[in-house]
Amino acid sequence: MFPYTKYLEAMHRHSSILVNDIEKAIDGEYSAIDCYAKLTNMAASKIEREQILEIRHDEIKHYQQFVQIYQKLAGRPPHPKMVEECISPYSNGLEFAFQNKQKIVRFYLEISDRAADPFLKEVFRRTAADEQNHAVWFLYYLSKESKLLVIFTIYKNFEPKNHEKIV
């Protein structure tokens, strides 16, 4: 009957997928905000705490942007939920955060690639770049933690011979 019926159905399907993806992004950012508060408390130094707080601030900004976009597309506010729990001890939390960021970068770039709206494309491209930057910080702190763990393990397992003294 109407030549545009299939087109409208396809647009609705595309919009529905976008809304679902943004809902997943909101849940992920919501969980990250909670996790980074915990990591901040476990951080080994003041500098690390400050950097993780800065990352957390970025996550809050992303969360707020996604909520606004979601409300415009869905016509209702989202109901964020925790989708991942932060892992302890600190080194495991850093590894989790790093791996999670790598997955999120790919997810956000896929959303950006599929988005027809230039504003949405740019928001998700920019957010992916922020997340990649965060991943680098987590990898840096994880590598520092790993070195300390190796040094501690070597020291702990070192048994001096009778004639050696530990100074």
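Lys 61 is partly exposed, with a relative accessibility of 38%; on this scale, buried denotes under 20% relative accessible area, exposed over 50%, and partly exposed the range in between (1.4 Å probe, protein chains only). Lys 61 forms a salt bridge with Asp 130, the closest N and O atoms being 4.0 Å apart. A salt bridge is defined here as a side-chain nitrogen of Lys or Arg within 4 Å of a carboxyl oxygen of Asp or Glu. This pair links distant parts of the chain, since Lys 61 lies in helix 2 and Asp 130 in helix 4 (residues 118-157), 69 residues apart. Asp 130, at 8% relative accessibility, counts as buried.

The model is predicted, so that local features require pLDDT of at least 70 and side-chain atom pairs count only at pLDDT 80 or more, whereas totals for chains, interfaces and linings use all residues. Residues are numbered from 1 along each chain as its sequence is written, and side-chain values use heavy atoms, with hydrogens and water left out.

The protein chain contains four helices and zero strands, and its elements follow the order α-α-α-α from the N terminus. Helices (H or I, at least four residues) and strands (E, at least two) are DSSP runs, numbered from the N terminus. Of the 167 residues in the protein chain, 35% are buried. Among contacts (heavy atoms within 4.5 Å) between residues at least 6 apart in sequence, 76% join residues at least 24 apart.

Side chains of opposite charge can pair when their charged atoms come close. A search of the whole structure identified 11 salt bridges. One of them joins Asp 21 to Arg 114, with the closest N and O atoms 2.0 Å apart. Asp 21 belongs to helix 1 (residues 5-42) and Arg 114 to helix 3 (residues 90-114), so the pair ties together parts that are 93 residues apart in sequence. Asp 21 is buried, with a relative accessible area of 7%, whereas Arg 114 is partly exposed at 38%.

A further salt bridge connects Glu 59 with Lys 101, the closest N and O atoms being 2.7 Å apart. Because Glu 59 lies in helix 2 (residues 46-74) and Lys 101 in helix 3, this pair ties together parts 42 residues apart in sequence. Both Glu 59 and Lys 101 are buried.
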